[in-house]
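Please look over the protein shown below. The briefing that follows covers its fold, its aromatic pairs and its salt bridges.

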Amino acid sequence: MALAKMGVLSLMLLVVSLYAVADDKSPAVEWTAPACGWIYDGLTNKSDQERVAYPVPPIDRGAQRHRIAIEGKLKNLNGVRQPHTLVVNGNPLPLYTDDDGRFVRPYAFGSGSNSVALISSTGERLQSVQFYDANTEKTPARIRLIMGWDDPGAEVDMHIITPDGQHAFFADPVLSNGGGLDVDGVDGPGPEIFTMAAPLHGTYLVYVNYWGNLTEEGYNFNAQTNRNDMITTQITLVLNENTINEKRENFIVPLRTIGELQLVKTFRY
């Protein structure tokens with residue numbers, strides 16, 4: 001019986017795939033979370049507790065229920081810190097670390113199979129992990145929008161207009177129609193994630209806004225504090241996630257001027 005149980009457990013666990021480092025000068029990963037295997041996310045909601053991230057967010061807002069931290073440390077960086085890439089369920093996101101190579105980014109995972117891969121700044125696949133979230137009470141996302149950008153000192157906001165005229169953004173992250181920002185990244189480089197489990201039928205508008213910059217003195221709107229001449233923002237639209245009807249689109253949006261607001265996508269559901 002014990003052997004049978006061990007056999008079942010071994011089938012349930014998903015394997016962490018480690019990729020060999022080419023040499024001692026290549027980056028290496030100390031992976032902390034999420035762990036491989038099965039988890040049950042949703043026993044408690046600790047979104048009201050402070051969470052150390054890099055860079056440290058001055059405020060924490062959004063619906064942000066039952067987030068899971070993507071956490072670890074890159075070693076052997078040899079002065080090349082940024083940007084690396086997290087590929088979360090197929091969605092690429094820029095990844096920045098602190099001076100010691102540490103990173104913590106929040107993500108709103110759905111139930112079922114999930115994956116996270118880490119790609120170095122030179123394009124080398126360092127590590128990937130798969131896990132299964134066994135919380136079947138999570139309602140599947142029918143509309144999901146994920147945004148990241150390549151400047152950790154910039155604050156970029158996603159704005160969603162739903163068919164009934166409601167507007168999801170940093171000042172109103174949770175809508176009465178069930179949509180909202182699961183993660184509202186305020187510290188660069190994201191992510192910002194909009195999710196709707198029971199979408200209204202009609203037209204949706206997706207905007208991106210270069211709101212301002214964040215320095216040691218706080219937020220400002222001074223173009224002289226720009227880290228990059230141009231910010232590259234990537235937005236992924238996923239419809240009917242994790243179903244046979246899943247559809248996915250990626251949009252690259254360049255932003256150059258503080259205050260710039262761009263319409264990214266108009267779509268019907």
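Is asparagine 240 buried or exposed? At 18% relative accessibility, asparagine 240 counts as buried, where buried means under 20% relative accessible area, exposed over 50% and partly exposed in between (1.4 Å probe, protein chains only).

This is a predicted model, in which local features need pLDDT of at least 70 and side-chain atom pairs count only at pLDDT 80 or more, while totals for chains, interfaces and linings use all residues. Residues are numbered from 1 along each chain as its sequence is written, and side-chain values use heavy atoms, with hydrogens and water left out.

**Overall**

- Of its 269 residues, 44% count as buried.
- The protein exposes about 13,500 Å², and carbon and sulfur atoms supply 54% of that area (Shrake-Rupley method with a 1.4 Å probe; for residues, only the protein chains shown count as cover).
- Among contacts (heavy atoms within 4.5 Å) with a separation of 6 or more, 70% are between residues 24 or more positions apart.

- Asparagine 240 sits in the loop between β17 (231–239) and β18 (247–255).
- Leaving aside residues up to four places away in sequence, asparagine 240 touches Ala141, Arg142, Asn245, Glu246 and Tyr269.
- Histidine 84 belongs to strand β5 (residues 84–88) and is buried, with a relative accessible area of 1%.
- The side chain of histidine 84 reaches the backbone nitrogen of serine 121 at 2.9 Å.

**Aromatic pairs**

- The structure holds eight aromatic pairs; rings of Phe, Tyr and Trp (its six-membered ring) pair if their centres lie within 6.5 Å, and planes under 30 degrees apart count as stacked, over 60 as edge-to-face and the rest as tilted.
- The ring centres of tryptophan 31 and phenylalanine 103 are 6.3 Å apart with planes at 65°, so this pair is edge-to-face.
- Because tryptophan 31 lies in strand β2 (residues 28–33) and phenylalanine 103 in strand β7 (residues 102–107), the pair ties together parts 72 residues apart in sequence.
- Phenylalanine 103 counts as buried, at 1% relative accessibility.
- Tyrosine 204 and phenylalanine 267 have ring centres 5.1 Å apart and planes at 5°, so they are stacked.
- Tyrosine 204 is in strand β15 (residues 203–215) and phenylalanine 267 in strand β19 (residues 261–268), so the pair joins parts 63 residues apart in sequence.
- Tyrosine 204 is buried at 0% relative accessibility, and phenylalanine 267 is buried at 7%.
- Phe169, Phe170, Trp211 and Phe221 are linked by ring pairs into a cluster.

**Salt bridges**

- There are six salt bridges, each a side-chain nitrogen of Lys or Arg within 4 Å of a carboxyl oxygen of Asp or Glu.
- One of them joins lysine 75 and glutamate 30 (3.2 Å, N to O).
- Lysine 75 is in strand β4 (residues 68–75) and glutamate 30 in strand β2, 45 residues apart.
- Lysine 75 is partly exposed at 38% relative accessibility, and glutamate 30 is partly exposed with a relative accessible area of 38%.
- Glutamate 241 and arginine 144 meet in a salt bridge at 2.8 Å, N to O.
- That pair links the loop between β17 and β18, which holds glutamate 241, to arginine 144 in strand β10 (residues 143–149), 97 residues apart.
- Both glutamate 241 and arginine 144 are buried.
- Glutamate 246 and arginine 248 form a salt bridge at 3.1 Å, N to O.
- Glutamate 246 is partly exposed at 30% relative accessibility, and arginine 248 is partly exposed at 34%.

Note on methods:
Helix = DSSP H or I, 4+ residues; strand = E, 2+ residues; numbered from the N terminus. Polar contact = N/O pair within 3.5 Å; in protein donor to acceptor, adjacent residues only side chain to side chain.
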